[in-house]
There are 2 protein chains.
Amino acid sequence: MNSAIQKDVELVEKALESSVPVRGGMQEEVWNAMRYSLLDGGKRLRPVLALEFCKLSGGTEEEVLPFACAIEMVHSYSLIHDDLPCMDNAAYRRGRPSNHKVYREALALLAGDGLLSLAFETMLQEDAVAAVGPAKAAEAAGILARASGACGMVGGQAIDIRTEGKRLTLEELEQMDAGKTGALILASAEIGCVIGGADCALREAARKYAAAIGLAFQIQDDVLDATGDEVAVGKTLRNDSVNEKCTYVTLMGLERAVSESARLTEEAVAALRPYGEAAEVLIELAESLTHRKQ
Amino acid sequence: MNSAIQKDVELVEKALESSVPVRGGMQEEVWNAMRYSLLDGGKRLRPVLALEFCKLSGGTEEEVLPFACAIEMVHSYSLIHDDLPCMDNAAYRRGRPSNHKVYREALALLAGDGLLSLAFETMLQEDAVAAVGPAKAAEAAGILARASGACGMVGGQAIDIRTEGKRLTLEELEQMDAGKTGALILASAEIGCVIGGADCALREAARKYAAAIGLAFQIQDDVLDATGDEVAVGKTLRNDSVNEKCTYVTLMGLERAVSESARLTEEAVAALRPYGEAAEVLIELAESLTHRKQ
């Protein structure tokens, strides 16, 4: 991994760790359940995007950090709820038992709810607001709220359960993924731009970049499911074909899926090319996502 | 019902109705599920508190309305999730089948998630922020986030599932209810004060008032469960004794519970007495809560 990204990830890990401290008292268990999923060593792609776009826009890491953490909290909450028995009923997540397998269903539900609220608590706490000013804080929190809601992630998940077992068109699959994963990736880039004070041109470039890598990321997920190595990927593969799921690979064929992912990555890179060296980390990040093996 | 409160409720109903429009498309079902619970004719106590405290502080109904609606969205989401099979497994809510009975579990989960996000979308939308300024909007949204989270409602619910079937002390029961119901009632009053621009004295009075009526409301709930008329209350009663639940009535005895509820109401009224006629609606509201039959 690029060392600048590694530094971002370390910064985010430290901030996330202190956002869900170990607590005693009657609410101990729900905090533990929140910790379990939030501190599970994910890739932290979304907070890294927020950090890098903030820096590219002229802002500092310190200013954007609470917002970057909030984005990861929303991501983490959505994974807990997606894994619940009434949704995907997933027993494992990133090689560990899923939240409800460890903490049982009721507490996993609450841990997800708690993380979604904590995201907004984190962005709207006095210090975070004071550091960037209330206008930027309110705008960034509004972007995250819309990305999380029924026009974003919740909407994408609703399409998913509605179309379960049905054959989707490519357009429908793209609409579903635009909600399920695209919305939060787009919001991460936008929030970075808002906090950093980006101009319109950079913000538009960030949107293009994020939309392209969001879709490329999802296509690559399906490619990995079809071709990847289970040990390297760290989860059960070939799920999609076992469940007869509509994926980019089943709809496009493997070859076109691979080339489409490469094309989107090139599109993302092109959007940031005008920013030259300053955008190098983001350009490398886009390229590493297409070549990832997990 | 007091006619001023009735006017508030009508205003809130209209705004809530337009916040969850009927939509076509692939996300239609999740919006319908959100509508089903949000527009179920609840008492709208929390938004009324926000409206009245905003007006008492010198603000307008229009300014506080998006925030009042957001509070009700949080209340509605929490009821949907509380009713789920893994939590209270409640088949009915306000005399109608609960959300998951109508829309099935996965969609009810998403409808709750969607309403929690929608609360923040509503408070942080451009118009709402512009009307009150970003500083007030960020402060109000922060108050709602903390009230919803693991130190508020989620925390109270976590205590509830942790202590299920155990004998609680009165102090533990109060701590649980302070999270489950008290936090949001307190937040409603505070948000009204923030948006209206209340001074410190009024804000402190609002906190005292809301803490007292929040607890009185909960005690009254238990009193109604023990003594009320099922038809008037509109739900199955004597649940608490059947389930051997710890309640204020089982812990204090019926007589002391009734007198404690009256004492708290008097405390709430006393907090607002310095504001005289301007606070009359809130004073009547506190009194009507103790005398309610449903």
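Reader: How many helices and strands are there in chain A, and what counts as one?

Author: Helices are DSSP runs of H or I with at least four residues, strands are runs of E with at least two, and both are numbered from the N terminus. In chain A that gives 16 helices and two strands. Keep in mind that this is a predicted model, where local features need pLDDT of at least 70, side-chain atom pairs count only at pLDDT 80 or more, and totals for chains, interfaces and linings use all residues. Residues are numbered from 1 along each chain as its sequence is written, while chains are lettered from A and ligands numbered from 1 in the order in which they are written.

Reader: What does the radius of gyration say about chain A?

Author: You take the radius over C-alpha atoms and hold it against the globule rule, 2.2 Å times the number of residues to the power 0.38. Chain A comes out at 18 Å, close to the 19 Å that the rule gives for 294 residues, so it is as compact as a globular protein of that length. Its C-alpha trace spans about 55 × 50 × 35 Å along the principal axes.

Reader: And how much of chain A is buried?

Author: Buried means that 20 or more other C-beta atoms lie within 10 Å of a residue's own; 12 or fewer is exposed, in between is partly exposed, and the C-beta atoms are placed from the backbone. By that count, 55% of the 294 residues of chain A are buried. Helix 8 (residues 134-148) of chain A is mostly covered, with 13 of its 15 residues buried.

Reader: What span would you expect for helix 8 of chain A?

Author: Multiply 1.5 Å by one less than the number of residues. Helix 8 of chain A reaches 21 Å from its first C-alpha to its last, close to the 21 Å expected.

Reader: Which residues touch the most other members of the largest nonpolar core?

Author: Such a core is a set of buried Ala, Val, Leu, Ile, Met, Phe, Trp, Tyr and Cys residues joined through C-beta atoms within 7 Å. The largest one here has 202 residues, and Ala141, Leu144 and Tyr209 of both chain A and chain B touch the most other members. Leaving aside neighbours within four places in sequence, Tyr209(B) is in contact (C-beta atoms, placed from the backbone, within 7 Å) with Ala189(B), Ala268(B), Ala271(B), Leu272(B) and Leu282(B).

Reader: How are chains A and B related?

Author: Superpose the copies by least squares on C-alpha atoms of residues with pLDDT of at least 70 in both. A rotation of 180 degrees with 0.0 Å of shift along its axis puts chain B on chain A, RMSD 0.0 Å. The two copies are thus related as by a two-fold rotation axis. The same surface serves both: 100% of the contact residues of chain B recur in chain A.

Reader: Which parts of chain B touch chain A?

Author: The contact takes 44 residues from each of chain B and chain A. On the chain B side, helix 2 (28-38), helix 6 (105-124), helix 8 (134-148) and helix 9 (153-162) each supply at least two residues. Helix 6 of chain B gives the largest share, 13 residues.

Reader: Where does Arg94(A) lie, and is it exposed, partly exposed or buried?

Author: Arg94(A) lies in the loop between strand 1 (92-93) and strand 2 (96-97) of chain A. With 14 C-beta neighbours inside 10 Å, Arg94(A) counts as partly exposed. Arg94(A) also has a positive phi of about 50 degrees although it is not a glycine.

Note on methods:
Two residues are in contact if their C-beta atoms, placed from the backbone, lie within 7 Å.
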